[in-house]
Amino acid sequence: MSVSPSGLCRRIIPCLDVDRGRVVKGVKFVDIRDAGDPVEVARRYDAAGADEITFLDITASSDDRDTMVHVVEQVASEVFIPLTVGGGIRKPADVRRMLNAGADKVGINTAAIHKPELVRECAERFGSQCLVVAIDAKRVSADNEPPRWEVFTHGGRRGTGLDAVQWAARMAELGAGEILLTSMDRDGTREGFDLALTRAVADAVPIPVIASGGVGTLDHLVDGVLQGGADAVLAASIFHFGTFTVAEAKRHMASRGVPIRQLATGKAEA
Amino acid sequence: MSTIAVIDYGMGNLRSVAKALEHVDDRARVIITHEPEQVRRADRVVFPGQGAIRDCMAELKRLELDAVILEAAASKPLLGICMGMQALLEHSEENAGVDALGLVAGRVRHFRDGFSAAGIAAPGKVPHMGWNTVQQAEAHPIWRDIPDNSHFYFVHSYFVELLPDELTIGRCQYGVPFTAAIARENIVATQFHPEKSQHAGLTLLANFARWDGESGG
């Protein structure tokens, strides 16, 4: 078993995009395919050794948002690992509702950009431990310039003018407990995380960083931790479509010296 | 039918604790309550919690639950979880210093202060968030069927400084060693979240649900 001096394991987090109660995953946010029932998928990931599960509600209409609350309630009644829910969270009451439904952490993205104080308000009311700020970043510097990334919204279509690294640091100061960092350049490409972006943010904030966007191989997960400095790695399509199992991912990371939680069933002793 | 009361004082995700208890013991009646009388009538009491200690203590006092917890601590199996463990101690350095329930002598400190007092660099980010191994420092009925050094899920920025051996049944290490599980007579408490710690955590809750409050095997 590999154990770092701290003992703390790096986490593998499958992410489920949920639209009106069904799990879907878009490649670069188009070509959305249905990949199943959220409770069933969550249960399968739990059994395979997922360290947490993240749900991203991509339901367009706010009328259908109640569906997500029910999804969280159902999953939280059957799966006993940490659950994060993001998407459409705009005010403290939305955070409260998801926590009451059984979420452990709630992700805030666009609403934090419109109103950064929301992060402070939620951190004070619910505690930093349950507050994840999601950042969608895109590289905006030319190849011959020092790298610079901007925060984008609307699935990467709309720029905000905010520098992603500075934004992450500001969110941490306001009380975010964790940063979920997605490279919009890499999302859906299977070319691997944007490691320079991950490293820049991980070095700039005192809170954990989850790397996201671009995982295509198990080495990409290892690189996110060892080169990017991520505390956790998030992936969707490689797990949903059975390219790799979470258990395979864990065995591979352990074999490369990344401290991970081994399965209690003893199947992944490698 | 035995009743387990999960104390509700507005601090955190109680539903998960209740659902996990129902999951492991279908004969138990699990209630989430802030009614002192219901807590008094229960056979077992779970004292969970998240957030900041000052708010936690203020809410316990406002709802008159502090005295009820002390009563439970003197009479029946009690399980503190996370903030529910830290609140059992005398004092926490969180929020510029807050006196807690005082059932256990000891100190709650911020990890950054712990690192600097030990003269070491931070081993990682704070909060200490994620899965870490817990060494079973002492045998106890709640460890039954759980392998030593199993992983449990933690989320906390403050930690309980190592307590005397007779109180510490679980140890963890995050740069500094700290007490991850406490036991004394009919009281047990964990810094980690058993309700979020998959198989090992559910086993611990199942053990608590049938524990008679005696510390022997």
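Buried means under 20% relative accessible area, exposed over 50%, and partly exposed in between, with a 1.4 Å probe and protein chains only. Helices (H or I, at least four residues) and strands (E, at least two) are DSSP runs, numbered from the N terminus. This is a predicted model: local features need pLDDT of at least 70, side-chain atom pairs count only at pLDDT 80 or more, and totals for chains, interfaces and linings use all residues. Residues are numbered from 1 along each chain as its sequence is written, and side-chain values use heavy atoms, with hydrogens and water left out.

Helix H1 of chain A covers residues 38-48. Its buried residues are Pro38(A), Val39(A), Val41(A), Ala42(A), Tyr45(A), Asp46(A) and Ala48(A). Gly49(A) follows H1(A) with a positive phi, near 105 degrees.

A salt bridge puts a side-chain nitrogen of Lys or Arg within 4 Å of a carboxyl oxygen of Asp or Glu. Arg11(A) and Glu178(A) form one, at 2.8 Å from N to O. Arg11(A) lies in strand S1 (residues 11-19) and Glu178(A) in strand S10 (residues 178-183), so the pair ties together parts 167 residues apart in sequence.

Arg11(A) is buried at 1% relative accessible area. Glu178(A) is buried at 1% too.

Arg199(A) bridges to Asp203(A), with the closest N and O atoms 3.1 Å apart. The two sit 4 residues apart in helix H7 (residues 195-204) of chain A, about one helical turn. Arg199(A) is partly exposed at 32%, whereas Asp203(A) is exposed at 56%.

Arg20(A) pairs with Asp19(A) at 3.4 Å between the closest N and O atoms. Arg20(A) is exposed, at 54%.

Technical notes
Chains are lettered from A and ligands numbered from 1 in the order in which they are written.
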